Amino acid sequence: MPRTTPFRFHALALALLAGAAGSVQAADYSGAAPDATATAPSAVPPFKHPGLLMTQNRLASIRAAVQSGNGSAMKTGYNRLLQDNRGSHTYAHQALATVEVVRAAGGPQEGRWKNDGFAAYLNALRWAVTGDTRNRDKAVQILDAWSAKFTGFTLAPGTDAPQAWLEAAWGLPVWASAAEILRHHDGGAAGWPQASQDRFNGYLNKLYGYANQASSRTNNWGVSGALAMMATGVYQDDANRYNAGLNRIKQLIPGIVYSSGEVQELAARDCHHPQYSLAGIAQAAEMATIQGDTSVWLLKVGNEPQPRFARGLEYMAKSILYGEGVRDCRSFGLYPGYSEIAVNGYMNRGTPIPNFQNATKRGRPDGNAAEFIGWSAATHGRDDF
């Protein structure tokens, strides 16, 4: 028996799943429907660029914090980011034609693919902050190498096809974020050739073909798939893909965060997996906000006075700080990559989340997140709470 089997998807299955991702309503455990005004699609071209998690103003703020002689949460977070050697211009990348996915474990090929994606993002970000063209060149080299060589995922023996959906959903926003910076920072100052951009777009389409299928799930897989759809839509200026992902996120929130605030999978699994959902929602909310839509942050269910996502953040924070709720998570911390984004998002909306703020301060600065973009203190840290 060969070691791997090709993973292929059919156009009909994709179309059916894509339709489901845009129409299936997640169950609301409170029995109420989300506020209709919060679920209507609103994003239309033109998209704002850079426009995934980094805007031009945010990149300028990071640069100012790094260059300042004063300490700050953002500067401390950026110094933590510099400790990751994948962000070095000397990082050794290696593109593969196929990437083997291993169920419930990280195989060596999958690890290579993930590490190279994070390396591209870190080098692109470091170039935008410091102007060091060696980081720019490394990021371009990584994107060009993978877009020229990658053909798809394969499955290790005993691994089900949907595992590739999830891995693609996690990885796609990382790759897209690196490309977004290179393509749009300072009006395209990277000088990334159009032919290379076009080839990368084809690479992103390959990943999207896997990732959007994850959005049909109603747990953290669904959130990850929807986030990947949004990221693709922004990068490709594709309102259909973006809005399908955005609407799916909002459909999922009432089933991810129950009316009590309890986060799905916290009781049944552990302190880690529920935060995959929270991280994905926070990053989706930030992405939407950059595009002029705050509805993910503000989504309420029925007559609830507090946004449902804010309620989930507070519940998770109380579990981490005090051991309250369905699981005692005091021996764990916040998953990296979303805490400072969430604090910033709700402070800007005037919505109090005091326990989550305390948990965020206790965990500063956050670092790498193996599944999502991490280092939120470096990019969104603030000193006024």
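Is Glu-265 buried or exposed, and at what relative accessibility? At 10% relative accessibility, Glu-265 counts as buried, where buried means under 20% relative accessible area and exposed over 50%, with partly exposed in between (1.4 Å probe, protein chains only). The structure is a predicted model, in which local features need pLDDT of at least 70 and side-chain atom pairs count only at pLDDT 80 or more, while totals for chains, interfaces and linings use all residues. Residues are numbered from 1 along each chain as its sequence is written, and side-chain values use heavy atoms, with hydrogens and water left out.

Glu-265 is placed in the loop between helix H10 (239-256) and H11; helices (H or I, at least four residues) are DSSP runs numbered from the N terminus. Although Glu-265 is not a glycine, its phi is positive, at about 85°. Helix H11 itself covers residues 273-290, 18 residues in total, and reaches 27 Å from its first C-alpha to its last, close to the 26 Å expected at 1.5 Å a residue. The expected span is 1.5 Å times one less than the number of residues in the helix. Of the 18 residues of H11, 17 are buried, so the helix is largely enclosed by the rest of the structure.

Two packed helices are described by the angle between their axes and the distance between the axes. For helix H5 (residues 108-130) and helix H6 (residues 133-149), the axes come within 7 Å and cross at roughly 150°. Axes are lines fitted to C-alpha atoms, for helices over the stretch in contact, and angles run from 0 to 180 degrees between N-to-C directions. The crossing of H5 past H6 is left-handed, a term used if the near helix is turned anticlockwise from the far one by less than a right angle. Contact, defined as heavy atoms within 4.5 Å, involves residues of H5 including Trp-113, Asn-123 and Trp-127, and residues of H6 including Asn-135, Ile-142 and Trp-146. The residues of this contact divide into nine nonpolar, four polar and five charged. In this division Ala, Val, Leu, Ile, Met, Phe, Trp, Tyr, Cys and Pro count as nonpolar, Asp, Glu, Lys and Arg as charged, and the others, Gly among them, as polar.

Within H5, Asn-123 is buried, with a relative accessible area of 0%. The side chains of Asn-123 and Asn-135 are joined by a polar contact of 2.8 Å. A polar contact is a pair of N or O atoms within 3.5 Å; within protein, one must be able to donate a hydrogen and the other to accept it, and residues adjacent in sequence count only if both atoms are side-chain atoms. Not counting residues up to four places away in sequence, Asn-123 also touches others, among them Arg-86, His-89 and Lys-138.

Arg-308, in helix H13 (residues 308-322), is likewise buried, with a relative accessible area of 0%. Its side chain reaches the backbone oxygen of Pro-254 at 3.3 Å, and a polar atom of the Arg-308 side chain lies 2.6 Å from the backbone oxygen of Val-257.

A cis peptide bond with omega of about -15° joins His-49 and Pro-50; Pro-50 is in the loop between helix H2 (36-39) and helix H3 (56-67). The bond from Arg-364 to Pro-365 is also cis, with omega near -15°. Pro-365 lies in the loop between helix H15 (354-362) and helix H16 (376-380). Trp-375 lies in the loop between H15 and H16, has a positive phi near 60°, and counts as buried at 2% relative accessibility.

Definitions and conventions: Helices (H or I, at least four residues) and strands (E, at least two) are DSSP runs, numbered from the N terminus.
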